[in-house]
Structures are given as C-alpha cells and as structure tokens.
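Hi there,

Here is the structure I promised to pass on to you. Please have a look at it first, and then read my notes below.

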Amino acid sequence: MGRSGVTMTLSLLVGVVLICLSTASANWNCSAGSNEFLSLRMTRVTEEHKEYFMKTRYNNSKGGCDAQGLALSWEKAWVRNKRLQLFSSEVVAEATSTPRLTVRRKNRRIKRRIYGIDDRICIDPRRQSKSYPFSTVVKVSTGCTGTLVTHKHVLTAAHCIHNGSDYLPEYNSLKVGFLRPRGTFRWFAVSHTFIPFGWRLQRRIGPRYDYAVLTLQRKQRRKPMPIGVSDIDPTDLPKVYFSAYPDDKPTNSLCFRSCSVEDHDHDLMYFLCDAKPGSSGAGIYAFLWNPATQTHERRVVGVFSGNRWKPNPLGATNYNVGIRLPSLKYRQVCSWLDGFQCNPNETNDMIHEG
C-alpha cells in the first residue's frame with residue numbers, strides 16, 4: 001500500500017474513532033487496583049488485519065482503559081519515503097510480582113511566555129557545548145528543540161514534525177543538530193519517527209499526547225539523558241529544568257532555566273519557567289533517586305509543549321506547559337527505543353534537588 005492509501009486508511013481510522021467517542025463518554029485515564037499495575041500489550045497491525053482492526057478495536061471502544069489504549073497506539077514513519085506502520089496498544093492490569101521502586105523525597109497551545117524578569121541563562125558553547133547535560137540538547141531542523149535519550153534516539157514534541165493531520169513539509173529532510181564549541185551545528189539525518197495515535201485525536205486529547213521520538217541514522221558518542229517515570233506526588237511538587245534553542249536569541253544560543261511545578265494533572269505539568277518559540281520539544285528533567293547506585297540522577301520526565309490557560313475558581317491562570325510521562329506513556333516510549341531496558345514496575349516520583 002502506498003503513502004496515499006495509508007493516509008486514507010489513517011484518516012478513516014481517525015474518523016471512526018471520533019464518531020465512536022462523540023457518542024460515548026470516554027474516560028481517557030484508567031487505574032489499577034492496590035495489588036496491580038497497568039501495562040501495555042502492543043501488537044503490530046499488518047496490512048491484512050487493518051480492516052479487522054478498525055471494525056473491532058476502534059469501532060467498539062468503550063472508553064476507560066480501552067480508550068486510553070487507543071490513544072497509546074502509535075505510528076512509525078520513515079523520513080525519506082513516509083512509509084507508515086501502525087501498532088495497536090491495549091492497557092491491561094497485571095498483578096505485581098515485585099515491589100515498585102520508590103524515590104527518596106528530596107486548551108490550546110499559544111506562544112510561549114516570559115514571566116517577569118527573563119531568567120534564562122545562555123551557555124558559552126566554547127566551554128559548555130560538550131558538557132553534560134547541555135551536550136544532550138539538539139536543535140531539530142523544523143525549528144524545535146529535542147533531547148538525546150539514548151545514543152540513537154531524540155525525544156521531542158509531536159507538533160515539531162506533525163500538525164495533527166499530516167507530517168510537516170519539512171519532514172522529508174528532517175535532521176537534528178548538535179552544538180559544537182565554535183558555535184556551529186553538526187547535523188545528523190533522521191531515519192524514522194514515532195508519534196502516539198492520541199496526537200491525531202486533536203478535538204479530544206491531542207495536546208496531551210504532544211511527544212515524539214526521532215531515530216537517528218547514526219549512533220552518537222555523547223552521553224544521553226535517559227527517560228524516567230513522571231508519577232508526581234501532589235504534596236511534593238519538584239523543581240524542573242530544561243534547556244532549549246529559543247527563536248528570540250541567535251540561532252546557536254542554548255539557554256537553560258529552572259523553576260518549580262505550580263500545578264499538574266495526569267498528563268500535564270504547569271510551571272512559570274521562561275520560554276519562547278523554538279523551545280518546544282525540550283526535555284524537562286528532574287533528579288530521581290536511584291536505589292541501586294544510591295545517587296540522584298537526571299531523568300527526562302516530560303517534554304515542553306507550549307503555553308496554555310488553566311481554569312481555576314477565579315478564572316484562569318496562564319502557564320507554560322510540559323507533557324508528563326506517567327507509567328503508561330513511559331512504557332510506550334520505551335518500546336520505541338531499540339534495546340532500551342525499562343523496568344515494568346518502575347514508578348519514580350519527581351523530587352526536589354537543591
């Protein structure tokens with residue numbers, strides 16, 4: 001099947017999903033019992049099973065875990081020829097066989113904002129471009145930022161490569177750039193990408209699934225920053241950090257900032273970290289406690305998405321927003337990272353650090 005046929009199939013699939021969800025009250029998040037954890041069962045949808053897949057899985061979505069499994073299905077696309085593959089996900093509850101890991105406690109997307117005094121700090125590439133964690137930050141050729149999370153994979157925002165209906169025109173020449181000490185970029189081609197199917201469901205939940213993974217054609221020698229689970233304890237909101245290439249600075253300006261999370265829900269974190277266009281896709285990280293090494297380690301726990309208004313009893317508050325990676329999204333992203341070992345019982349909270 002050619003690209004046009006796959007695109008038509010995907011469009012029909014999205015239509016079926018939206019019709020189904022418009023007639024049923026779908027709860028997009030589900031929960032497990034006290035002695036269970038939620039897991040993903042993932043299956044590739046072959047060409048001969050696409051019709052069966054559409055008629056049974058999506059047309060009969062009942063909401064709850066089934067609807068969330070729908071959103072956590074995904075598509076894999078190759079950059080040069082845009083060949084697509086579909087993968088179906090199901091959310092299931094499984095009995096826990098080992099204790100979960102714990103940690104030591106320590107609306108519409110609009111333009112990103114600066115709150116009060118601009119406290120972004122731009123690094124000196126001559127001294128810091130190859131220093132961790134700045135060395136993990138990449139510039140995406142579509143005008144966004146990304147983070148190297150394995151030696152061959154970059155985490156970024158879905159809207160940096162896809163508009164919710166189709167891939168951006170710049171997708172055919174997609175690449176990422178690493179900042180060099182002399183202030184120029186070394187560019188590397190992208191082989192293929194992954195986006196969650198929930199990103200295509202714009203009218204319902206798309207903004208909550210604004211994340212993507214870019215697979216590079218060549219492995220990098222730089223130390224990556226691994227992903228972690230973003231299961232936030234509401235009573236212990238952490239400080240978060242991220243670096244990005246903003247559009248209001250020279251093109252080679254890599255700027256760092258940190259702030260506390262002001263509010264959150266299951267999928268989003270709200271904060272007042274300063275940001276401008278170009279920052280989208282930056283990996284938001286926090287310090288997590290690793291019991292094995294008895295140290296705090298940086299882990300990417302979210303993706304910077306943009307700016308939104310959050311309703312409150314007095315009206316609404318404006319925040320810059322990050323997409324969280326709770327356990328199910330964490331498992332989904334792990335399945336995109338070839339050879340990356342994810343702990344199925346891991347549930348690290350984000351913590352305060354310094």
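Let me start with the disulfides: counting pairs of cysteine sulfur atoms within 2.5 Å, there are three disulfides. Before the details, please note that this is a predicted model, in which local features need pLDDT of at least 70 and side-chain atom pairs count only at pLDDT 80 or more, while totals for chains, interfaces and linings use all residues. Residues are numbered from 1 along each chain as its sequence is written, and side-chain values use heavy atoms, with hydrogens and water left out.

Two terms come up throughout. Buried means under 20% relative accessible area, exposed means over 50%, and partly exposed is in between (1.4 Å probe, protein chains only). Helices (H or I, at least four residues) and strands (E, at least two) are DSSP runs, numbered from the N terminus.

Disulfides

Cys122 is bonded to Cys255, with 2.0 Å between the sulfur atoms. The torsion about this S-S bond is about 65 degrees, so the disulfide is right-handed. Because Cys122 lies in strand S4 (residues 121-122) and Cys255 in strand S12, the pair ties together parts that are 133 residues apart in sequence. Cys122 is partly exposed at 36% relative accessible area, whereas Cys255 is buried at 0%.

Cys144 and Cys160 form another disulfide, with an S to S distance of 2.2 Å. With a torsion of about -95 degrees, the disulfide of Cys144 and Cys160 is left-handed. Cys144 belongs to strand S6 (residues 144-148) and Cys160 to the loop between strand S7 (153-156) and strand S8 (175-179), so the parts joined are 16 residues apart in sequence. Both Cys144 and Cys160 are buried.

The sulfur atoms of Cys259 and Cys273 are 2.0 Å apart in their disulfide. Here the torsion is about -105 degrees, so the disulfide of Cys259 and Cys273 is left-handed. Cys259 sits in strand S12 and Cys273 in the loop between strand S13 (268-271) and strand S14 (283-290), so this link spans parts 14 residues apart in sequence. Cys259 is buried, as is Cys273.

Aromatic rings

Rings of Phe, Tyr and Trp (its six-membered ring) pair if their centres lie within 6.5 Å; planes under 30 degrees apart count as stacked, over 60 as edge-to-face and the rest as tilted. The structure has 15 such aromatic pairs. In one of them, the ring centres of Phe134 and Phe256 are 6.0 Å apart and the planes stand at 90 degrees, so the pair is edge-to-face. Phe134 is in the loop between helix H4 (125-128) and strand S5 (137-140), and Phe256 is in strand S12 (residues 255-264), so this pair ties together parts 122 residues apart in sequence. Phe134 and Phe256 are both buried. Ring pairs also link Phe134 and Phe256 with Tyr241, Tyr285 and Phe287 into a cluster.

Two lysines deserve a look as well. A charge sits over a ring if NZ of Lys or CZ of Arg is within 6 Å of the ring centre and within 35 degrees of the ring normal. The charged end of Lys310 sits over the ring of Tyr270, 5.4 Å from its centre, and that of Lys329 sits over the ring of Tyr209, 4.5 Å from its centre.

A buried strand

In strand S2 (residues 74-78), five of the five residues are buried, so S2 is largely enclosed by the rest of the structure. Trp74, Lys76 and Trp78 cover one side, with Glu75 and Ala77 on the other.

Happy exploring!
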